[in-house]
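Work through the following exercises on charged side chains with the model open beside you. Each task is followed by a solution that goes step by step.

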Amino acid sequence: MKRSLALGLCVSLLAMPVMATEKDTLKARQDRLSNELEESKKAQAETDAELEITEAERDAVKTEIHVVDDRLNELSEQIAIQQHEVDTARAELESTRQQLSVQEDYLESQKELVNERLRVLQVHEDTSYLQVIFESRSFGDFVTRAMTARTIAEQDRELIHNYLSEMERLESLESTQRTQLSFVKQKERELVITKQDLDRTAEKKRDLLVELNEQVEQLELEKMTRSEEQAVMAEQNRIISEQLEAIATAEREAAEAAERAKREAEARAAEERVQAEAEARESEVEEAPEVIAPTETPTNVSTSTGFVRPVSGYVSSSFGPRDNPLTGVPEIHKGIDLVNASGTPIVSSAPGVVIKAAPATGYGNVVFVSHVINGEIWTTVYAHLNAITVGAGQQVAAGQTVGTLGNTGWSTGPHLHFELHRGKWAPGQPNAIDPAPYIGY
């Protein structure tokens, strides 16, 4: 009995420094995680501010584009009106030219008559009355001849005057219409040039809008990614806190057990002293041999650092440098891709706690599991799942199904993207290591 109590006391005392060491390790990891979480929040605040500014710039450009588009629509309407005026002026000018042509044809046909009338007026204007007087047979005939000559002369003058007036009117009208046509065509050209300038401005604004949309999309993606990172880190922090609390509880229980063992040992020692004194007084009684109770050997279950394979299949993309299959850009592949049929069960590689089970940027449907193995934190990631069968905060055993193989997120075909992190998962995956040796590839 004495040896059993002493052994129990020794085991309790030996367990306390082991738990203290694990507690210090977890506390240090928790402190680093808290610092990185704060840094991530600061970076997200900067991203939020940049996103707000970029969105404001984008909205301003959208407003400018609306203004330019309204002005372009207005100019298009003005150009259409101006084109109608050009067509009208051109038609009127063509009509006037046709009238001139008709008038010229008519006068051309009367050309000989007009020329003859002009010659008569020019050569005989001064002698016409003498001819009328001398050729008259009587006074009445004279009067008749004189009136006839005057009438003919007046008709000749009127004919010539009308000809010249009509020609002058048509030529003046043609000149005016040519001027008007030139004016409306010039105005049309000015409107077209203005519209072309606005078209170029609108094109530049639209190019700028495309660029700002890309910036907003990138910032929103960065914001979403940081939010997901913070959620994972916060969950890991919570799990570490629970582990620290469990260690503190174990330490208290160990201390209490040690105290109880100490008291029991002291009581037993006092009892043995009393018994020894009684036995000395009763020398005639044969001393009975001490019976030593058998000790119980505690069962220590050691946890191996080995990981089970999350799914069978061949490796289509190993850990390390490669060209991104979607963009062709060189990158460091932070895991391995295991190909199998869609819907194949995916299992946890080690016992642990699910810290995330939801869609995530790039990963698609993804499960994060945090493991504590021999006092060391490990994190496994199972991405591109077709379905998720566990929830955040759930305890899982090694080999327990966490989802099914799929093709979600940034994926080019059904496969499991599997990551192993020696420590916590952090932005940029600085703790990622090649999982192939750990799962037998």
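**Exercise 1.** Determine whether Asp-197 is buried, partly exposed or exposed, and find how its side chain pairs with that of Arg-200.

*Solution.* Asp-197 has a relative accessibility of 36% and therefore counts as partly exposed, a class that falls between buried (under 20% relative accessible area) and exposed (over 50%), with a 1.4 Å probe and protein chains only. Arg-200, at 47%, is partly exposed as well. Their side chains meet in a salt bridge at 2.2 Å, N to O, where the term requires a side-chain nitrogen of Lys or Arg within 4 Å of a carboxyl oxygen of Asp or Glu. Both residues lie in helix α4, three residues apart, which is about one turn of the helix; helices are DSSP runs of H or I with at least four residues, and strands are runs of E with at least two.

This is a predicted model, in which local features need pLDDT of at least 70 and side-chain atom pairs count only at pLDDT 80 or more, while totals for chains, interfaces and linings use all residues. Residues are numbered from 1 along each chain as its sequence is written, and side-chain values use heavy atoms, with hydrogens and water left out.
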